[in-house]
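Keep the sequence and the 3D view at hand as you read.

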Amino acid sequence: MARGQKVLKLRAAAKKITLKYETTAAVEGAVGKYYPADDVVAKKGPTPVRNAPKVRASITPGTVLILLAGRFRGKRVVCLKQLTSGLLLVSGPYSMNGVPLRRVNQKYVIATSTKVPLTGVDTSKIDDAMFKREAASGKKDGEDALFEAGAAPKPTVTSAERKAAQTAVDTKLKANIDKIEMLGAYMTAKFTLSKADKPHMMKF
């Protein structure tokens, strides 16, 4: 009996060891079993620099392109230059086939062997910012929003700067097209395919 009491006293006098576990630490952010009530914005690294894609060798300033998508599909346009975003700046010109100055992805065009000289055509002031749409006004709540939902959509308003650029480019471009015989009729004609046509065997 005395021996048992002695053992208990020794155990009580011994130095106690406390174990600490890493899992007992508070979990921050979205790491762990439970997610925080508020959205936690994760830290991101530096934004990568995305360079503009390379343009196909067949597409150069002055090349006549055939549009394959969009409201002007089938129309022939003149490539003016490549913008900073990598998109192509093209024009019909508007006075000939109704295609205004617009940006086009090179994936949705067919490059032809026809070239139009760009003598006197100045596109140095035309950039991606010119095609940026104006920010929409603040959203309305309640009855005002209900009435606006049923109203007709507002038409897009073309800026005066864009109209002036269109006129300046079309004047010089149309003059260059008129100098080449039958090129005006070629630009106004719409590209179509019939059932027997084989586009993969055509030479543009």
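The paragraphs below go from the overall fold to the sheet, and from there to the cores.

A few ground rules come before the tour. This is a predicted model, in which local features need pLDDT of at least 70 and side-chain atom pairs count only at pLDDT 80 or more, while totals for chains, interfaces and linings use all residues. Residues are numbered from 1 along each chain as its sequence is written, and side-chain values use heavy atoms, with hydrogens and water left out.

The protein has five helices and five strands, where helices (H or I, at least four residues) and strands (E, at least two) are DSSP runs numbered from the N terminus. Along the sequence they follow the pattern α-β-β-β-α-β-β-α-α-α. Of the 204 residues in the protein, 25% are buried; buried means under 20% relative accessible area, exposed over 50%, and partly exposed in between, using a 1.4 Å probe and protein chains only. The accessible surface comes to about 16500 Å², and 56% of that belongs to carbon and sulfur atoms; these areas come from the Shrake-Rupley method with a 1.4 Å probe, and for residues only the protein chains shown count as cover. Contact means heavy atoms within 4.5 Å. Among contacts between residues at least 6 apart in sequence, 66% join residues at least 24 apart.

Now to the sheet. The five strands form an open sheet in the order β4-β3-β2-β1-β5, with antiparallel pairing; two strands pair if DSSP finds at least two bridges between them. β4 and β5 stand at the edges with a single partner strand each, so one side of each has no neighbour in the sheet.

Three bridges join β3 to β4 (residues 102–104), and here Val90 has Arg102 as its bridge partner. In a regular strand the side chains alternate between the two faces of the sheet. In β3, Leu88 and Val90 point one way and Leu89 and Ser91 the other, and all are buried.

What does the largest nonpolar core look like? It has 18 residues, and those with the most contacts inside it are Leu80, Leu101 and Ile126; a nonpolar core is a set of buried Ala, Val, Leu, Ile, Met, Phe, Trp, Tyr and Cys residues joined through side-chain atoms within 4.5 Å. β2 (76–82), α4 (160–178) and α5 (183–188) each supply at least two of its residues, and the largest share, four residues, comes from α4. Apart from this core lies another, of twelve residues, among them Val90, Val104, Val109 and Ala111.

Leu101 touches residues that include Leu80, Leu89, Ile126, Phe131 and Val169, not counting residues up to four places away in sequence. Thr123 sits in the loop between β5 (109–115) and α3 (143–150). Is Thr123 buried or exposed? With a relative accessible area of 13%, Thr123 is buried. Leaving aside neighbours within four places in sequence, Thr123 is in contact with Leu80, Lys81, Leu89 and Val169.
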